[in-house]
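Please open the structure in your viewer and keep the selection tool at hand. The stops below say what to select next and what is there.

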Amino acid sequence: MTQAYSVAPIGFMRSCFKEKFAIPRQPQLAPAARGVLELIAPFDQGDAVQGLEQVSHVWLLFLFHQALEDTPRLKVRPPRLGGNQSMGVFATRATHRPNGIGQSVVKLDKVEPGRLWLSGIDLLEGTPVLDIKPYVPYADIIADARNSMAAAAPARVPVQWEDAALIQAQEHALRLDEPLTELIEQCLAQDPRPAYQTPTPERVYGAQFWDLDVRWHYPQSGLIRVLEVVPAVS
């Protein structure tokens, strides 16, 4: 029997990530990635988050709201495999899910009535959050767990800076009161470009972090250089 169920968000994410490109492909890969989960009624009352101050990390269940599809996919091409190899959707964490549901474990930095301050996030601005669950170490850590497709975090790409770009990032970090330089380095070190692309030194990539456009290129294979950090054009 097939039965449909409806769910509704309990809140929405206000994130340092304003577009999908350059978001880490898993949580915790960029500890400097921060945001605020703003809860909506009736969950914006203090009663709903009472006790969370005893918790260091939480699971977020959310919707990939910019990747929802009417026709379910049985197979996907995960970036971890270079985007060229198909796998069953349930063997991956691809954004193309049957119900568009994602999950991430993130660090809980501060609790306020109606707001949770989070870091190590991988959620886009405006992401609808469906539920929050406390991370329980004795139950959630499985010592002998394995995943041969993703046995370890991806290798990091070295990130260099143009002198002017580093000064720009440091100045905007002070304005935003955010670890902007670390955020850029941690995200770009994951090499956000599609794995099937072979970039030339002339090709410039860009992504938005907070209210800034960050542009970089690959001066040589396996190396990223940040070119500029400038206010985003609205």
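This is a predicted model: local features need pLDDT of at least 70, side-chain atom pairs count only at pLDDT 80 or more; totals for chains, interfaces and linings use all residues.

Begin by selecting Pro42, which sits in the loop between strand S2 (34-39) and helix H1 (46-49); helices (H or I, at least four residues) and strands (E, at least two) are DSSP runs, numbered from the N terminus.

Residues are numbered from 1 along each chain as its sequence is written, and side-chain values use heavy atoms, with hydrogens and water left out.

Next select Ala22, in the loop between strand S1 (11-15) and S2, where phi is near 85°, a positive value in a residue other than glycine. Ala22 is buried, with a relative accessible area of 4% (buried means under 20% relative accessible area, with a 1.4 Å probe and protein chains only).

Then go to Asp191, in the loop between helix H4 (180-188) and strand S10 (204-209); phi of Asp191 is also positive, near 55°, and Asp191 counts as buried at 16% relative accessibility.

Finally, select Leu60, Leu118, Leu183 and Ile184, the residues with the most contacts inside the largest nonpolar core, which has 51 residues. Such a core is a set of buried Ala, Val, Leu, Ile, Met, Phe, Trp, Tyr and Cys residues joined through side-chain atoms within 4.5 Å. The largest share of this core, 5 residues, comes from H4.

Conventions. Buried means under 20% relative accessible area, exposed over 50%, partly exposed in between (1.4 Å probe, protein chains only).
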